[in-house]
Amino acid sequence: MTLKKIAIVGTGIAGLSCAKQLIKAGHEVTLFEKSKGVGGRMSNRKYEQWQADHGAQYFTISHPKFVNEVSQWLEHGVAQTWHGKIVNYCNGNISEINRDRNRYVGTPTMTAPAKFLANNLTIQTSQTIIGIKKVNQHWQLVSEEDGLCPGVFDFLILAIPPIQAQKIMGKESASLTAFCQQAKMLPCWTLIAYFKEALTLPFDAAFVQDSIFSWIARDNSKPGRPTTNAWVAQANPDWSLQNIELPKIDAEKTLIDTFEQLCGTKSAFNQVHLWRYAKLETPITQNFAIDSNAQLGICGDWLRASKVEDAWLSGYFLGLELSGQKPASA
């Protein structure tokens, strides 16, 4: 196997997982991230006296490889089991959910596993990659902030949502572009609400029916969090898609009013966030895609089923493939 210099765009769980496998095989890897930190939708917002996970809310484990990975997270204290009371909630009626598997969260925030994976990796943050150039069979990257980025690479991996990957690739790979075009991602409007006093809702989180929300959660019910009273409420995909271009101030008013009707209490502080590419409409089992002629690859949770486990597995399997290893099972 010829060792390569590889660039990865995106430092969500998929990009970080892929980088770990490539480095283990001896490749030289540099990651590029548009934000100031890593994690993608494994995210958290901090305010003066409180915080909340406003992206992925928890994760489960099933694949043996991910079971092994999460065991490392648990051992290093960057994840714990979430024992919160989670119910179904419909028109004020509560029904219990049979817990068929444990739910886990990052500790002290959902970003912790990503930061653990990112340890000792070479990462260029605040670099929004907007284009790529082929020079003498090597890739160069162009960022919005600095123009042409230093360094040339033998292979390029895009660990970002399909629409963003397609824009960066341009006409460099017809096969990967076509693949990206087939994937339909659904958005998610998310409300973060802070209350001066604890809400009296008799649960810690709920899957909600008959509402614009599909999920609400008491953030401080998760292990390692401060005791302040923050809730996260995520709108369902249908409402989010219908209102994807709604001005933020209008979306905020609707989300706040609806949540206050649901909980019966006015919040003291609110923020909203739109995740444009939150969930794949129809799950697939592609894992990753490669154009060997163009020396390009793509990975991400959207190549499986949009969960944290799917993101990690997508990057893991791509890393194995590029390192000449064949997994026993995908």
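Over how many bridges do β10 and strand β11 pair? In this predicted model, local features require pLDDT of at least 70 and side-chain atom pairs count only at pLDDT 80 or more, whereas totals for chains, interfaces and linings use all residues. Residues are numbered from 1 along each chain as its sequence is written, and side-chain values use heavy atoms, with hydrogens and water left out.

β10 and β11 (residues 138–143) are joined in the antiparallel sense over 6 bridges, where pairing requires at least two bridges found by DSSP between two strands. Within this pairing, K133 has Q140 of β11 as its bridge partner. The open sheet consists of 3 strands in the order β10-β11-β12, with antiparallel pairing.

The protein comprises 8 helices and 20 strands, assigned as DSSP runs (helices H or I, at least four residues; strands E, at least two) and numbered from the N terminus. Its radius of gyration is 20 Å, close to the 20 Å given by the globule rule for 330 residues, so the protein is as compact as a globular protein of that length; the radius is taken over C-alpha atoms, and the rule is 2.2 Å times the number of residues to the power 0.38. Of the 330 residues, 55% are buried, that is, under 20% relative accessible area with a 1.4 Å probe and protein chains only.

Q234 is located in strand β17 (residues 229–235) and counts as buried because its relative accessibility is 13%. Beyond its neighbours within four places in sequence, Q234 is in contact with residues including H54, C188, W189 and W215, contact meaning heavy atoms within 4.5 Å.

Notes. Buried means under 20% relative accessible area, exposed over 50%, partly exposed in between (1.4 Å probe, protein chains only).
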